[in-house]
Amino acid sequence: MKLNLQLFGVPFRRTSKTKKRMRRTHLKKEVGAISTCPKCGASIRPHRACMKCGFYKNEEVIKVSEEEK
Ligand SMILES: [Zn+2]
């Protein structure tokens, strides 16, 4: 099947390196929210149990083995 290219919007010019890079300055990975565990002080994500000590809201919710500490 032959495509009729006149039906498509085609870029008039090739996007320059600068324009492409300027557009991509917004494409970056953002660092998520980080808080500290009140029990052991490790960096944790909010609303999640601490992976170091297994505590959430001063209650042990996960058993963390001693070797992993
Ligand atoms: Zn902790």
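## Close-up views of a predicted protein model

**Figure 1. The whole chain and its contacts.** Among contacts in the protein between residues at least 6 apart in sequence, 0% join residues at least 24 apart, where two residues are in contact if their C-beta atoms, placed from the backbone, lie within 7 Å. This is a predicted model, in which local features need pLDDT of at least 70 and side-chain atom pairs count only at pLDDT 80 or more, while totals for chains, interfaces and linings use all residues. Residues are numbered from 1 along each chain as its sequence is written. The protein has 1 helix and 4 strands, arranged from the N terminus as α-β-β-β-β; helices (H or I, at least four residues) and strands (E, at least two) are DSSP runs, numbered from the N terminus. Of the 69 residues in the protein, 3% are buried, a term that requires 20 or more other C-beta atoms within 10 Å of the residue's own, whereas exposed means 12 or fewer and partly exposed lies in between, with C-beta atoms placed from the backbone.

**Figure 2. Confidence along the elements.** The mean pLDDT of the protein is 83, and 86% of its residues reach 70 or more, pLDDT being the predictor's confidence in each residue, from 0 to 100. Among the elements, helix α1 (residues 17-24) has the highest mean pLDDT (96), and strand β4 (residues 59-60) has the lowest (76). Where pLDDT is low, the predicted coordinates should not be read in detail.

**Figure 3. The surroundings of C37.** C37 lies in the loop between β1 (35-36) and β2 (43-44), and C37 counts as partly exposed because 16 C-beta neighbours lie inside 10 Å. When residues up to four places away in sequence are not counted, C37 touches A42, I44, C50, K52, C53 and F55. One of these partners, C53, is 16 residues apart from C37 in sequence, and the two are 8.9 Å apart in space, C-alpha to C-alpha.

**Figure 4. P46 and H47 in one loop.** P46 is found in the loop between β2 and β3 (55-56), and H47 also has its place in the loop between β2 and β3. P46 is exposed because it has 8 other C-beta atoms within 10 Å, and H47 counts as exposed because it has 9 C-beta neighbours inside 10 Å. Leaving aside neighbours within four places in sequence, P46 is in contact with A33 and S35, while P46 and T36, 10 residues apart in sequence, are 8.4 Å apart in space, C-alpha to C-alpha. H47 has a positive phi of about 65°, although H47 is not a glycine.
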